[in-house]
Each structure stands twice: as structure tokens, then as C-alpha cells.
Amino acid sequence: MNAMTAQDRSIQTPRRRATYQDVLDAPPNKVAEVLAGTLYTQPRPAMRHAWASSMAEGAEGCREAR
């Protein structure tokens, strides 16, 4: 009797391609993106980090405009 491993089943089972609807359906605490038909999610950055990042981008944009 051959027992199939989880890896064998995943190879045999075709996966559906992720869509924009999957991004919209992601939990609000996750950042979601679709790359080559695969949905990837990551934890949303903490508010302090997001604020610092946006401030850094704004300062960099000012330097480029000169």
C-alpha cells in the first residue's frame, strides 16, 4: 500500500490562480499582493513604522524635485 504524502497531493492538485478579489478579501491586519497568480500576505507594519516610512519617502521626494 502506497501512502501519499502531503507534498505528493499538492503536486497532483491544481491550485487556482489568486485574483484581485483575494487581495480584497484579505484580513485588514495583512498586506496582500498577487504575484504570478499566487497570493502573498504579510503583517501590516506597525503605525509608528508606517509613519516613519512615509515621512522618509516624502523627504526623499523633496530632494528629487530640486
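This is a predicted model: local features need pLDDT of at least 70, side-chain atom pairs count only at pLDDT 80 or more; totals for chains, interfaces and linings use all residues.

Colleague: OK, what does R16 form a salt bridge with?

Modeller: With D22, and the closest N and O atoms of R16 and D22 are 2.8 Å apart. In general, side chains of opposite charge can pair when their charged atoms come close.

Colleague: How many salt bridges does a search of the whole structure find?

Modeller: The search finds one.

Colleague: And D22, is that buried or exposed?

Modeller: D22 counts as buried, because its relative accessibility is 14% and the cut-off for buried is under 20%.

Colleague: Where is the place of D22, and what does D22 touch?

Modeller: D22 is in helix α2, which covers residues 20–24. Leaving out residues up to four places away in sequence, D22 touches R16, R17 and L39.

Colleague: Switching topic: what's the mean pLDDT of the protein?

Modeller: The mean pLDDT is 78, and 65% of the residues reach 70 or more.

Colleague: Which elements have the lowest and the highest mean pLDDT?

Modeller: Helix α1, residues 6–12, has the lowest at 59, while α2 has the highest at 96.

Colleague: Now the strands. In what sense do β1 and β2 pair?

Modeller: They pair in the antiparallel sense, over six bridges, with β2 spanning residues 38–43. One of the bridge partners is P43 in β2, which goes with K30.

Colleague: What sits between β1 and β2?

Modeller: Two residues do, and the two strands form a hairpin. In the turn, A36 has a positive phi of about 50°.

Colleague: Let me pick a residue: where is the place of V34?

Modeller: V34 lies in strand β1, which runs over residues 30–35.

Colleague: Is V34 buried, exposed or partly exposed?

Modeller: V34 is partly exposed, because its relative accessible area is 30% and that class lies between the 20% and 50% cut-offs.

Colleague: What does V34 touch?

Modeller: Not counting residues up to four places away in sequence, V34 touches A18, T19, V23 and L39. L39 turns up among the contacts of D22 too.

Colleague: And how far apart are V34 and Y20?

Modeller: They are 14 residues apart in sequence, and 7.3 Å apart in space, going C-alpha to C-alpha.

Colleague: Thanks, that helps!

Methods:
Residues are numbered from 1 along each chain as its sequence is written. Side-chain values use heavy atoms; hydrogens and water are left out. Helices (H or I, at least four residues) and strands (E, at least two) are DSSP runs, numbered from the N terminus. Contact means heavy atoms within 4.5 Å. pLDDT is the predictor's confidence in each residue, from 0 to 100. Buried means under 20% relative accessible area, exposed over 50%, partly exposed in between (1.4 Å probe, protein chains only). Two strands pair if DSSP finds at least two bridges between them. A salt bridge is a side-chain nitrogen of Lys or Arg within 4 Å of a carboxyl oxygen of Asp or Glu.
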